[in-house]
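Open the model in your viewer and keep the selection tool at hand. Each stop below says what to pick and what is there.

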Amino acid sequence: MSHAYPGLPPAPPPSQPVVATAVVLWRDGPAGREVLLVRRGAERRFAGGFHAFPGGRLDPEDSAVAVPGASGEEATLVACATRELFEETGVLLARGAERVAAADRAADRAALLDGSLRWAEVLRRRGLALDP
């Protein structure tokens, strides 16, 4: 139930929604289910210092990433989710990822983070494919 209080100004209009993704990775560990969380930087405006699932905002380039078996918004969101997961954690969630050496993963992640390499190019040069 909502109440109006005399003298309070009207609420501001809602902000524009931001398209973003989050990835919930879990496994059955020796002590039970384990869930991967990242700790947000304390300097972040929103939920700084809190733990969250890896993820983030959609990049315009995400729509150019091929996702076999998916198209349109579904493909774009898969591309966004896998890119954000790789950027934030180094987890490369793609078919063929087991063939990519640790040093190559680290180099690709650094290049992705500094903007010198795009996600579509990381996938292409390593022969990787995303699953919807």
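Select Leu128. Beyond its neighbours within four places in sequence, Leu128 is in contact (heavy atoms within 4.5 Å) with Leu92, Ala94, Arg95, Gly96, Ala97, Arg99, Val100 and Leu123. This is a predicted model: local features need pLDDT of at least 70, side-chain atom pairs count only at pLDDT 80 or more, and totals for chains, interfaces and linings use all residues. Residues are numbered from 1 along each chain as its sequence is written, and side-chain values use heavy atoms, leaving out hydrogens and water.

Buried means under 20% relative accessible area, exposed over 50%, and partly exposed in between (1.4 Å probe, protein chains only). Helices (H or I, at least four residues) and strands (E, at least two) are DSSP runs, numbered from the N terminus.

Stay on α3. Its buried residues are Trp119, Val122 and Leu123. Look down the helix axis: they fall within an arc of 95°, so they line one face of α3. The arc is taken from the directions from the helix axis to the C-beta atoms. An α-helix has 3.6 residues a turn, so residues three or four places apart point the same way. Show α1 and α2 again, as both are included in what covers these buried residues. Then step to Gly127, which follows α3 and has a positive phi, near 65°.

Now jump to Ala47. Ala47 sits in the loop between β4 (38-39) and β5 (51-52). It is partly exposed, at 26% relative accessible area. Its phi is near 55°, a positive value in a residue other than glycine. Most residues other than glycine have a negative phi. Draw a C-alpha to C-alpha distance from Ala47 to Val67: they are 31 Å apart in space and 20 residues apart in sequence.

Last stop: Val24. Select the loop between β1 (20-22) and β2 (26-29) to find Val24. Val24 counts as partly exposed because its relative accessibility is 48%.
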